[in-house]
Amino acid sequence: MSSISAASLAEQGVRYASSIWNAAREYGLDPGLLAAVAAQETGGPDTNGGRNIVGDGGHGHGLFQIDDRYHGFARTPEALDPARNAGYAARMLSGLIRRYGSVRRALCAYNAGDPNAEGTVTRWRDGADLGYADSVLRHEALITGHSGEDLARGELPASIASIQGPAAQAALLPLSLPQAAHLRSFRDLAGIDDGGRTRDANNDTDDS
């Protein structure tokens, strides 16, 4: 896991850097990885900055585009709170990493519901067409300065080893095989209820 700070994320153009950094640390993720998912979801090729927007025809909410058709959380005002949106996404992704034992496979499942799927293909300005996981890892390489291969090899052990604390443990509950991430509530993946709480627990301003 990289030791990148919130300030370093902001220096690399990551918006809402503090919210992303705090959420990543809470759920045992590399902050650069979580920032890269935001960049993939609401930024675009060759940019590190995600945006706090409503997209996907009005259904994707916030930095991580949580879908209001399948996530109760996305139908609440908190979905457009960058800190809460980042926390929701971090909890989901940490659960998927634990389930699939691979950052790359977890990213594929996050996007397409299948750890072996290529997922959404993004064309970068240099002409490269990258599947979802590879595109996220490329964003992460830009943010952290590490190569994509290094990130893919080295991230998982540190990510799993650092997942600690009662809140993070909620993301490690046994998970059933998911359908597409944007087509099924992640409460089925990470023990989250319709209100965005763990099952065992009964507007656009830049904070970077």
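## Helix packing and a buried asparagine

In helix H3, Gly32, Leu33, Ala35, Ala36, Val37, Ala39, Gln40 and Glu41 meet Tyr132, Ser135, Val136, His139, Glu140, Ile143 and Thr144 of helix H6, where contact means heavy atoms within 4.5 Å. By class, the residues of this H3 contact with H6 are 8 nonpolar, 5 polar and 2 charged. Here Ala, Val, Leu, Ile, Met, Phe, Trp, Tyr, Cys and Pro count as nonpolar, Asp, Glu, Lys and Arg as charged, and the others, Gly among them, as polar.

This is a predicted model, in which local features need pLDDT of at least 70 and side-chain atom pairs count only at pLDDT 80 or more, while totals for chains, interfaces and linings use all residues. Residues are numbered from 1 along each chain as its sequence is written, and side-chain values use heavy atoms, with hydrogens and water left out.

H3 (residues 31-42) and H6 (residues 132-144) pack at an angle of about 120°, and their axes lie 8 Å apart. H3 is therefore oblique to H6; angles under 35 degrees count as roughly parallel, over 145 as roughly antiparallel, 65 to 115 as roughly perpendicular and the rest as oblique.

The protein chain has 9 helices and 5 strands. Helices (H or I, at least four residues) and strands (E, at least two) are DSSP runs, numbered from the N terminus. Of the 208 residues in the protein chain, 52% are buried, meaning under 20% relative accessible area, with exposed over 50% and partly exposed in between (1.4 Å probe, protein chains only).

Helix H5 (residues 103-112) is mostly covered, with 7 of its 10 residues buried. These are Val103, Ala106, Leu107, Cys108, Ala109, Tyr110 and Asn111. Just after H5, Gly113 has a positive phi of about 80°.

Asn85 sits in helix H4 (residues 82-100). Asn85 counts as buried because its relative accessibility is 0%. Leaving aside residues up to four places away in sequence, Asn85 touches His61, Gly62, Leu63, Phe64, Ile66, Phe73, Glu78 and Ala79.

Definitions and conventions: Axes fitted to C-alpha atoms, helices over the stretch in contact; angles between N-to-C directions.
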